[in-house]
Amino acid sequence: MAGLVVINYTRKYFSLRRKAMTNHETYSIEIAGVKRELRLFEIKPGLRIAILNILGDTELVQACARELAKKLEGVEYDILVTAEAKSIPLAYALSVETKKPYMVLRKSYKPYMGNALKAETLSITTGQPQVLILDEKDSDLIKGRKVVILDDVISTGSTLQGMRMILDKANASVVAEAAILTEGDRAQWMHIISLGHLPLFTD
């Protein structure tokens, strides 16, 4: 009963949010059986992308986790790894579905992280360099393990590259890469385990 209450509340919340967004241009998409209106955001003159923000969207996160878990059934791996912050709910939900642990690469260093591993990446939404950091304790745990890299949306591949760099330093093996959606050149992402694809919007 509690689960139904959460889902009903989530649907009501997103119904209200969609109404509030009617003054903005959006892109309609269905992901794992769930329909959403994604707001278009200009990242540079003449180029817009559809923004998927799963934070707080329990219904969509759980639906995506169930579908990704099915797609990962034939993959042999030990740990899920994602980058802070929007894909953390997905990593948690997929961890519950698959009963595999997950780790989060952070974007700022804290003293308790010890001798952490670092790599730099470039964010498509901010256009600014970002640092990905693997806590020393997680580095010890992931050594020699088979890893699935997880993200919400794969756009330029820069975050993937940063995650691969850190995992290579940690002597972990990346056996698959998964995301809710890919974006841009579809042919570039044929190897990604995903639930859909987003086009780029040009004026």
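Are helix 2 and helix 3 parallel, perpendicular or oblique to each other? Helix 2 and helix 3 are oblique to each other. Angles under 35 degrees would count as roughly parallel, those over 145 as roughly antiparallel, those from 65 to 115 as roughly perpendicular, and the rest are oblique.

A word on the ground rules. The model is predicted, so local features need pLDDT of at least 70 and side-chain atom pairs count only at pLDDT 80 or more, whereas totals for chains, interfaces and linings use all residues. Residues are numbered from 1 along each chain as its sequence is written, and side-chain values use heavy atoms, with hydrogens and water left out.

**Overall make-up**

The protein has five helices and eleven strands. Both kinds of element are DSSP runs numbered from the N terminus, with helices (H or I) of at least four residues and strands (E) of at least two. Of the 203 residues in the protein, 44% are buried. Here buried means under 20% relative accessible area, exposed means over 50%, and partly exposed lies in between, for a 1.4 Å probe and protein chains only. Among contacts with a separation of 6 or more, 58% are between residues 24 or more positions apart; a contact means heavy atoms within 4.5 Å.

**The helix pair**

Two packed helices are described by the angle between their axes and the distance between the axes. For helix 2 (residues 58-71) and helix 3 (residues 88-98), the axes come within 8 Å and cross at roughly 50 degrees. The axes are lines fitted to C-alpha atoms over the stretch in contact, and angles run from 0 to 180 degrees between N-to-C directions. The crossing of helix 2 and helix 3 is right-handed, which is the case when the near helix is turned clockwise from the far one by less than a right angle. Helix 2 makes the contact with V61, C64, A65, R66, L68 and A69, and helix 3 with P89, L90, A93, L94, E97 and T98. By class, this contact has nine nonpolar, one polar and two charged residues. The nonpolar class is Ala, Val, Leu, Ile, Met, Phe, Trp, Tyr, Cys and Pro, the charged class is Asp, Glu, Lys and Arg, and the others, Gly among them, are polar.

**Salt bridges**

Side chains of opposite charge can pair when their charged atoms come close. The structure holds nine salt bridges, each a side-chain nitrogen of Lys or Arg within 4 Å of a carboxyl oxygen of Asp or Glu.

| Pair | Closest N and O atoms |
|---|---|
| E25 and R48 | 2.7 Å |
| E59 and R36 | 3.1 Å |
| R164 and E177 | 2.6 Å |

E25 forms a salt bridge with R48. E25 lies in the loop between helix 1 (2-20) and strand 1 (26-31) and R48 in strand 3 (residues 47-50), so the pair ties together parts that are 23 residues apart in sequence. E25 is partly exposed at 48% relative accessible area, whereas R48 is buried at 18%.

E59 forms a salt bridge with R36. This pair links helix 2, which holds E59, to strand 2 (residues 34-44), which holds R36, across 23 residues. E59 counts as buried at 14% relative accessibility, and R36 is buried too, at 8%.

R164 forms a salt bridge with E177. R164 belongs to helix 5 (residues 158-169) and E177 to strand 9 (residues 173-183), 13 residues apart. R164 is partly exposed at 34%, while E177 is buried at 7%.

Most residues other than glycine have a negative phi, and most peptide bonds are trans. Which residues does a cis peptide bond join? The bond is between E84 and A85, with omega about 10 degrees, and A85 lies in the loop between strand 4 (79-83) and helix 3.

K99 is not a glycine, yet has a positive phi of about 60 degrees. K99 sits in the loop between helix 3 and strand 5 and is exposed at 73% relative accessibility. N171, also not a glycine, has a positive phi of about 60 degrees and is found in the loop between helix 5 and strand 9.

Finally, S108 is in the loop between strand 5 (102-105) and strand 6 (117-122). S108 is partly exposed, with a relative accessible area of 32%. Leaving aside residues up to four places away in sequence, S108 touches E84, M113 and I133. The C-alpha atoms of S108 and V131 are separated by 7.0 Å, with the two residues 23 apart along the chain.
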